[in-house]
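Hi,

Here is the structure I promised to pass on. Have a look at it first, and my notes follow below.

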Amino acid sequence: MKQVVQNYKSGELALLDVPVPGCKPDGVLVRSAFSLISTGTELMKVSEAGMSMLGKARSRPDQVAKVVQSVATNGVPATYRKVMGKLDSYTPLGYSLCGVVEQVGAGIDDVKVGDLVACAGNEHALHAELNWVPKNLYAPVPDGLAPRHAAFGTVGSIAMQGVRRGEPQLGDVALVIGLGLIGQLVVQLLAASGVRVVGVDPDPVRCELAERLGAAACGDPASAAVETAVAELTGGHGVDQVYLAAGGGSNQPVELAARLSRDRGRVVDIGKCRLDLPWNAYYEKELDVRFSRSYGPGRYDPEYELEGRDYPIGYVRWTERRNLACFLDLLARGSVDVEPLVSHIADFDDAVETYQRLKDGDLKAVAVLFRYPGHTGEAQAPAVAVPEVRRGGGAPTPTRSAKAPVRLAFVGAGNYATSMLLPHLAQRDGVELSTVVTTTALSAANAQRKFGFAEATTDLDAVLGDKSIDAVFVVTRHSSHAELTRRALLAGKTVFVEKPLALTEDELAGVLAAVEESGNDRLQVGFNRRFAPLLRDARQRFGARTGPASLRYLVNAGRLQHGSWYLQQGSEGSRFVGEGGHFIDTASWLLGADPVSVYAVATPGNEDLQVMLRYPDGSTATISYVTTGAAGFPKETLDLVADGKVLRLDDFVRASLFSDGSAGRKRWVSSRLPKARDKGQSAELAAFIKAVRTGGPMPVPLESLVATTAATLAVQAGLVGGAPVTLARPR
């Protein structure tokens with residue numbers, strides 16, 4: 001395997017081939033997915049290695065003292081050989097990573113092979129493809145947390161331990177000096193604790209970032225803005241705590257801390273900065289100076305770190321491992337956001353070049369991640385299989401008289417059914433609304449009265465057993481779609497199921513098993529936008545493509561009202577799983593193919609999603625599904641760009657086409673605004689009824705419905721894995 005190492009004598013950095021570590025008892029062997037470069041601690045070590053011997057001695061007086069003691073004990077020759085031997089050796093780099101458990105040692109029962117874990121320790125969470133990590137230095141990654149975010153676990157624990165040492169309380173005001181990686185995390189942890197934060201850093205970019213992440217105000221230490229902000233927030237009393245997250249040889253941070261602290265305030269040293277305390281300033285205010293020891297209690301205790309001996313929670317509430325797990329939980333719940341801190345992600349094979357760019361200043365970064373090859377850990381979500389559609393040799397579709405009305409049954413009569421589907425069907429010639437089935441008698445009775453159903457019932461079995469019913473509409477809550485569709489297919493019915501077809505891969509497989517068992521593939525999913533007249537007209541005008549296309553689809557979904565059943569993600573699936581198939585299907589229809597891979601990222605809490613789809617010819621579609629936009633902005637806007645042409649759709653109200661050709665530039669705009677947004681429900685239902693009446697092909701091939709559903713499900717897998725998900729099709 002490969003590992004990043006450094007020769008401290010020469011300063012050489014190398015990506016070295018080394019043996020795979022053994023999996024010892026009381027620990028796990030972890031294959032790295034992402035590891036984090038500490039742009040403070042590690043770069044300081046890299047810089048020191050490039051110094052002269054005198055420079056190294058000046059930078060590490062603690063080590064010089066050990067050498068002096070060794071000379072007194074062992075003599076100069078022996079000490080010289082010992083020191084030079086130690087310097088002229090490869091040492092590891094790294095201490096914060098996320099990866100997948102590849103092997104479990106004896107005595108470990110809290111994780112298993114394949115689990116995603118965050119790991120800590122400068123001897124165990126190294127920049128290496130494989131690491132052995134003892135029990136108290138790893139923690140399982142919560143579901144839904146991307147591996148590249150979980151790789152921040154160790155530095156997050158350092159920041160968290162520093163905040164714990166400050167003992168902040170609700171309503172406090174704190175000063176964070178140094179807005180590098182640790183400082184940015186301290187700002188967010190304090191803000192999440194109800195503390196108002198003022199940040200200090202000479203870099204205006206870092207100040208701006210900290211303000212976006214929760215700081216009340218930030219500024220240069222030499223400016224008056226910082227003192228003004230502290231005075232305003234504290235009524236002139238001074239801050240309750242100061243967190244020193246700066247490095248370097250300047251004594252300015254500790255002097256500033258004394259000047260801006262309140263009487264008997266606390267000063268917590270997290271970083272490694274100069275600490276020449278001005279005696280009068282600290283004495284007169286009786287300031288409490290505290291040190292924060294790395295990740296928390298247990299650090300530097302070999303019985304805790306190496307032997308796995310935990311401290312009783314009643315005596316030590318927050319240990320290294322408990323801090324690590326707590327920080328991961330905050331990430332998963334969106335209380336802390338590390339994505340804005342990621343300045344660069346480098347392939348692990350480029351590790352040496354990346355360090356050199358950081359050292360030379362070519363790469364300006366708060367946080368840099370190494371991404372390891374093979375998608376071994378960045379992909380908690382490996383390839384997602386698109387199930388093969390197999391049509392069995394069951395009973396053929398029942399024949400029916402062309403003159404007989406198409407008899408329909410509705411399972412569910414909620415808001416969408418009664419507002420978007422039934423009004424179109426109730427007035428259509430040749431259609432008979434036979435039976436409505438609901439779980440409550442009153443809702444069935446209301447639908448019967450309003451739309452003229454012949455019967456209203458709560459007995460689904462009776463409807464599925466009624467041979468006179470030609471087609472069944474499934475318009476219930478999402479969690480029941482797959483099972484009701486499966487039962488209706490097995491009963492020989494043509495099925496129209498409102499999206500989504502399924503919430504899980506197992507549910508999708510169950511529907512396809514019913515197709516294979518029954519031989520009945522007469523299925524339509526309510527992906528109506530491809531039937532919208534305005535979009536179909538624009539697509540026809542766009543014409544056939546000769547090259548790859550880029551498609552951008554902005555969905556300004558808006559926030560749901562409190563109490564909406566769409567928010568019941570535990571039972572009804574995520575909001576995107578429920579609705580996202582609409583937009584994936586529309587993109588695939590416009591591009592004339594099914595996607596081959598999916599990549600998804602989300603803001604904290606998975607409120608806003610960016611979904612990128614890749615297609616066989618190299619075309620891409622990006623779906624921005626956002627809930628935090630302005631309510632007055634249109635819900636859906638779409639742009640398709642290819643071959644010198646741009647198609648624009650504005651919320652199904654207006655379409656336009658711009659093109660450059662040999663005949664010059666042309667522009668087409670839909671001639672008039674429609675009276676209402678037509679998103680294709682009427683045309684979709686007409687196509688479905690025609691297929692039922694004639695026995696002809698269904699409006700959308702079943703293979704396409706399955707591919708869209710698989711791609712929608714892959715979005716969640718991509719959010720978990722933090723990497724593109726390949727949609728593997730059967731050969």
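This is a predicted model: local features need pLDDT of at least 70, side-chain atom pairs count only at pLDDT 80 or more; totals for chains, interfaces and linings use all residues.

How many bridges join strand S1 to S2, and do they run parallel or antiparallel? Five bridges link S1 (residues 2–7) with S2, and the two run antiparallel.

Residues are numbered from 1 along each chain as its sequence is written, and side-chain values use heavy atoms, with hydrogens and water left out.

S1 and S2 belong to an open sheet of three strands, ordered S2-S1-S4 with antiparallel pairing (pairing takes at least two DSSP bridges between two strands; strands are DSSP E runs of at least two residues, helices H or I runs of at least four, both numbered from the N terminus). S2 (13–17) and S4 (90–92) are the edge strands with a single partner each, so one side of each has no neighbour in the sheet. On average, neighbouring strands here are turned by 50 degrees against each other, direction ignored.

Helix H14 (residues 351–360) lies across S1 and S2, at about 165 degrees to S2 (axes are lines fitted to C-alpha atoms, for helices over the stretch in contact, with angles from 0 to 180 degrees between N-to-C directions; contact means heavy atoms within 4.5 Å).

Elsewhere, Gly194 sits in the loop between helix H7 (181–192) and strand S10 (196–200). Leaving aside neighbours within four places in sequence, Gly194 contacts Leu170, Gly171 and Asp172. The C-alpha atoms of Gly194 and Leu170 are 4.9 Å apart, although 24 residues separate them along the chain.

Cheers
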